[in-house]
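Please look through the structure shown below.

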Amino acid sequence: FSTFLEQNWLGRRLVPALPKLACLFCTWKTNIDNAVHQIQLLDVLSKDFVLSYAHLQEMTSSVKGPSMLSEVLRRTLHCLGGGRAERYVSLLLSPTLQEFMKNHAFAGNLMVFNPDNPTWHYRLDLGNHADYAVAEQLLLLNHWERRLSERLRLEDTSEFGNRSHMRNLLYEDRPLITQDVADWLMPTMGMLEFDYISAKRPTSQNEALDAESFSRLLVPMMKTGLKGQVRVMALRQISSHLFVTAMQLRELLGLFESDPLRADCMVLFFFRVIDMQNQKVFKGRFEHEEEWSRLRIKLGYMTCFPFIQPENATFELNLAFHDQRLAANTIIRLHQSEGDETNIKDLLFFAEGSQPKSDFLLPRTWASLDSIPRAGLLKLKYVCAPEDRNFRKRKEFYECFGLWKLTVTQEEVSWWSALTEAPGPVLELLEYLTGNFADLAAAFKFIDGDETGQGNAELTLRELEAGVKRMGCHKFQGDDASEGIKQIFRYLDPNGEGTVSEKEWLVMEQLWKEMMLCLP
C-alpha cells in the first residue's frame, strides 16, 4: 500500500528545479517581515510541491519568531518525500522541546499513520494540513481497494453495499449526506471521523513471530511504565511488520487493563492474525459482550463473523445495513446446512415501527439475500452440537466472505468457549470435576455407568442428576439444586435432543482451557 500511495503522490506533485528554488527562497526572504504573505506561500507549496529537509531548513532560517517557524513545519510536514524518518528529523528544527512536542502533537495523525496497515479509527481535522493529507491518502486507498475487489470479484461486505472500506462516516459529528464517500467532495475545514477496514489479509507465506521474538516484544511492553495509549501507538507503527497467532494476540491484549485499549490493540492486529479460525481464543479477553458489539460496528459484521466457531455467538442485526443483512443471510444458510430451527435460540424480530415478535420463525426464503427486508432488528443466538457441524460449509463462508484462507482440518482447529458463554452452574461443575477426575472423559463414563458400571455413551437429565449426587458433589443443594442441573444439561444439549453425547460433554474441555488462561 505504501508504495502505491507514494508513487501516486509523487505523480501528482512537482519537484522544484534549482532555478525555481532560487526564486522561491528569494521571495520567501523578501517577505520575512510579512507573515501573511509567507503563510500564503506555504499553503501554495503544501498543495502541489515535494519538499525536503533542506528546503524546510532554509525556510525556517528566514522567519521571525518561534510561532512562524512552527507554522512552516505544520503546513509543510506532509510535503516531505522522505517518509516518517524525514518528518521526524524535520520536527527537530523546532526551537524548543516544548515547541517540538506541540508540533509533533499537531501532526500526530500523520506521524503514526501506517499505510501498510491502515485499519484504524480516524478522527481528522480537515483544517489541519497533516490530517488533510492523511484523509486524502485514505480516500485514494479506499478507491483503489474498491476497484481491486471489483476486478477480483470478491464478495461485497461493506456497510452499504458499495464496496467502500470506510465505515461509520461522520462529518462534524453527523452522517454524510451520501452513503458513498466517492460522491462526496471533501471540504478543507471541519472534523471527519470514520473507520477504515482494509481487505488485505495474510498469505500462506506469512509466518507468525516465533516464541523468542514475540517474547522480546512482549516483555518490554509489560515492564515499561508508559501509558496504555502510548504503547498502542508504538505497536501501531510496527504492526505492518508483524504477524501473530490468535494466542499471541490474546497475550498482547493482556497488556491493557481497559476494554477500549484492548479494542484498539485488536483492531491493529486483527488482519495480522494467521489463524483466524481460532478467533475465539482472543475474543475471550473481552469480558463484556457490549465491547465486542462495538468492535463489530467498527470492523464490520462480516469481518468479525465467527465463521468457523459460531457456537453460542449472539447477534443483534440492524437490517438497514448491507453487511448486517449479509450476516443474517449467512446465519440462515449455515443453520439450514447444520440442522433445524433448534440451532437458533432467543430469536426476536422487531419489524420497523412494531412490537417484537417472540414467536417469529426465520423464513426459509431469507436464504436469498434479496428476500431479507431492508428494515428491522433481528436478535438471536446460534448453537450447534459438535456432531452436527458442517465444516465444509463453514470453510466456504470463511473464505468467501471473510477473505481468509483455511489450510487446516477440523481436527487442527483450536475449538474454544468463553467463560461468559456458559451459565454459572456449568463452571461450578467443571471446577469440581477437574479436581476429582483424571479428565472429563473419565467423569462422563462415571456418570453414564450408573451403579452397574454399564453405559450407553449418552446421558439423560436423570442420569446427570443421579451421577452428580453419586460422585459426592455438594455444589448444587437447596431449592435451586434441580434448576442448576437443568441449566448444565441445557448447555450441553444445545439442540434439545434430550440426551448428551460424549462429544457434547467434552465441550467443557474448551471452557477448561479458557479457565486456565484466565488464572493470574
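**Aromatic pairs, a surface patch and paired strands**

Phe 349 and Trp 366 are both buried, where buried means under 20% relative accessible area, exposed means over 50%, and partly exposed lies in between (1.4 Å probe, protein chains only). The model is predicted: local features need pLDDT of at least 70, side-chain atom pairs count only at pLDDT 80 or more, and totals for chains, interfaces and linings use all residues. Residues are numbered from 1 along each chain as its sequence is written, and side-chain values use heavy atoms, with hydrogens and water left out.

A search of the whole structure gives 19 aromatic pairs. Rings of Phe, Tyr and Trp (its six-membered ring) pair if their centres lie within 6.5 Å; planes under 30 degrees apart count as stacked, over 60 as edge-to-face and the rest as tilted. Phe 349 and Trp 366 make an edge-to-face pair, with 5.8 Å centre to centre and 75 degrees between the planes. Phe 349 belongs to strand β6 (residues 344-350) and Trp 366 to the loop between β6 and β7 (377-382), so this pair ties together parts that are 17 residues apart in sequence. Helices (H or I, at least four residues) and strands (E, at least two) are DSSP runs, numbered from the N terminus.

Phe 444 and Trp 505 form a tilted pair, at 6.0 Å centre to centre and 55 degrees between the planes. This pair links distant parts of the chain, 61 residues apart: Phe 444 is in helix α19 (residues 440-449) and Trp 505 in helix α22 (residues 502-505). Both Phe 444 and Trp 505 are buried. Elsewhere, ring pairs join Phe 270, Phe 271, Phe 282 and Trp 404 into a cluster.

Which residue lies over the face of Trp 415? Arg 389 does, at 3.8 Å from the ring centre. Arg 470 lies over the face of Phe 446, at 4.4 Å from the ring centre. A charge sits over a ring if NZ of Lys or CZ of Arg is within 6 Å of the ring centre and within 35 degrees of the ring normal.

The strands come next. In strand β4 (residues 191-196), 5 of the 6 residues are buried. Strand β1 (residues 120-125) runs antiparallel to β4 and is joined to β4 by 6 bridges; two strands pair if DSSP finds at least two bridges between them. Arg 123 has Glu 193 in β4 as its bridge partner. Strand β2 (residues 166-171) also runs antiparallel to β4, with 4 bridges, and the partner of Arg 167 in β4 is Asp 195.
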